[in-house]
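Take a look at the structure first, and then we'll start with its rings.

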Amino acid sequence: MGLTGLDIYKQLPKKNCGECGPPTCLAFAMALAAGKAELSACPYVSEEAKENLAAAAAPPIRLVKIGTGDEVVEVGDETVIFRHEKTFFHPTGIAIRVSDAEDVEAKLAKIKDLVLERVGQVYEVDLVAVSADSGDPGKFAAAVEKVAQGTDLALMLIGGVEEIRAALDIVADRKPLLYAADAENYEEMTNLAKEKGCPLVVKGTGLDDLAELVKKVEGLGHKELVLDSGNRELSRVLADLTQIRRLAIKKRFRPFGYPTVAFTTKDDPKREVVEASVFVAKYAGIVVLKACEREHLLPLLSWRQNLYTDPQKPIQVESKLYEVGNVNADSPVYVTTNFSLTYFTVEGEVEASKVPAYIIPVNTDGTSVLTAWAAGKFEAEHIAEMLEKTGVAEKVSHRDVIIPGYVAVLSGKLKEVSGWNVIVGPREAAGIPAFVRERYGGR
Ligand code: SF4
C-alpha cells in the first residue's frame with residue numbers, strides 16, 4: 001500500500017473489538033500495511049477514512065489505457081523519477097500525427113511500414129493521432145474512418161468538440177484518446193469522454209492553470225486523464241514535464257497524478273526526433289510527432305527501448321549455438337556474451353565478414369564482455385562448458401575457438417580446460433571483417 005501501519009492506525013476507529021480478525025486496531029493496521037488484510041474487514045471504519053486510505057494507496061501516477069484489444073497502449077503508473085532508482089514501466093507511446101488536410105492513405109501506408117527490428121526486438125509506433133486541420137468536420141470524420149479501417153493501432157483524435165463528437169460516432173468502440181479539454185470546452189469535452197468511456201487530455205495554459213482545470217474535470221467525474229501543460233517551446237515543455245513528474249511522485253500532488261502528452265513543433269523530421277527524444281527521456285507518457293520515415297523513427301524507438309529496459313535485467317539472447325549463413329565443417333566458431341547488444345553487434349559483423357560461422361553467446365546474465373569478465377561471469381571454465389554443451393565439436397572439423405580481444409587473458413586457461421586452440425579475435429566487433437579477411441580470406 002505504501003503506507004506504514006501507524007499511518008493506517010491513525011485512521012481506524014480504535015475500538016479494539018477484534019471483529020476484523022486481529023485482536024486490536026493496531027494489529028489490524030499492521031496487517032493492512034503488510035497487504036495481509038482488507039480494509040473492508042473492519043465494519044466500523046468511517047467513509048472519510050476509506051477515502052483517505054484509498055487516495056494514499058493509489059499509485060502516484062494513474063495508469064491510463066488507450067485503445068482496445070492487443071493494441072491497447074498503457075501509459076503512466078510510474079513510481080520513480082530516475083530509472084536507476086528502480087525502472088520505468090510503461091514506455092512512452094509514440095503517436096504519429098496524420099492531418100485530415102493531407103493524403104491520409106499515403107501517410108497511413110508509411111506508418112504501417114514502421115515495424116523495425118533491432119537487437120532481436122521488434123519496434124513499432126503505438127498510436128495514430130488524427131488531427132482536424134481542414135476546418136471541415138466531414139473531412140475529419142472521413143479521415144478518422146480511413147485510419148480506423150486501415151490500422152488496428154490505438155487512436156488519438158485532435159479537434160474541437162463537434163469534430164470529435166462526429167468522429168466518435170465511428171470509432172468510440174476503439175476508445176481513442178481525445179484531445180483536448182481546455183478552459184473553454186472542458187464541460188462538454190469531459191461529458192463526451194465520460195459518456196463514450198474514452199481517455200481525455202486536459203490542456204492548460206501553464207502548470208497552475210492545468211492543475212485547476214484537472215480538478216474541475218475530476219469534479220465532473222472523469223479520471224482517465226492525460227496532461228498537457230499547453231506550452232510548446234522545448235525547454236519550457238521539458239521543465240513542465242519534469243515538474244509534473246516530481247510533484248506527482250515526491251509530493252503526491254494529486255492533480256498531476258496522471259501521464260502526460262507532448263508535441264513536437266519542428267518541421268524538419270531530424271529536429272523533430274531530437275525534440276521527441278527529449279520528451280521520451282523526461283517524462284512524456286505520449287509523444288506526438290509528424291515524422292514517419294523509418295530512418296527517423298529507428299533512433300527514437302531505440303532510445304525509448306534503452307530507457308525502458310529494466311537496468312537490473314538487461315536484454316539477453318538465449319545462450320545456445322547460433323549459425324550465421326551456410327555453415328560447414330570449416331566454419332569459424334566465435335564466443336561472446338549473451339547481452340543482446342553485444343551478441344547482435346557480433347552477429348552483424350560476422351554476417352558482414354561474409355564467412356559463415358557459429359557463434360556461442362555464453363550466459364553472462366546479459367552483461368557485456370568486459371563487465372562479465374570483471375564480474376567472473378565470462379571465465380575459461382564457463383566457456384569450455386558451453387563448447388561442450390552446444391556440441392559444436394561435432395559440427396566442425398577444426399578445434400579453433402575465437403574469443404573477444406578484450407579477454408585475451410583467458411587464452412591459456414581456456415586451452416587447458418577445453419582442449420581447443422584459442423584464437424584471440426579483435427577487441428571490438430567492428431574489427432571482425434578485417435580479422436576474417438586476414439585469417440580466412442582464402443576460403
Ligand atoms: Fe479496530 Fe475495526 Fe478491527 Fe474493531 S474491527 S479492532 S474497530 S479495526
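## Aromatic pairs

Searching the whole structure turns up five aromatic pairs; rings of Phe, Tyr and Trp (its six-membered ring) pair if their centres lie within 6.5 Å, with planes under 30 degrees apart called stacked, over 60 edge-to-face and the rest tilted. One of them joins Y322 and Y343: the ring centres are 4.7 Å apart and the planes sit at 45°, so this pair is tilted. It links distant parts of the chain, with Y322 in strand β13 (residues 322-324) and Y343 in helix α12 (residues 340-353), 21 residues apart. Helices (H or I, at least four residues) and strands (E, at least two) are DSSP runs, numbered from the N terminus.

Y343 also pairs with F344, edge-to-face, at 5.2 Å centre to centre and 80° between the planes.

## Lysines over rings

K14 lies over the face of Y9, 5.2 Å from the ring centre, and K15 lies over the face of Y44, at 4.2 Å. The test is NZ of Lys or CZ of Arg within 6 Å of the ring centre and within 35 degrees of the ring normal.

## About the model

This is a predicted model: local features need pLDDT of at least 70 and side-chain atom pairs pLDDT 80 or more, while totals for chains, interfaces and linings use all residues. Residues are numbered from 1 along each chain as its sequence is written, and side-chain values use heavy atoms, leaving out hydrogens and water.
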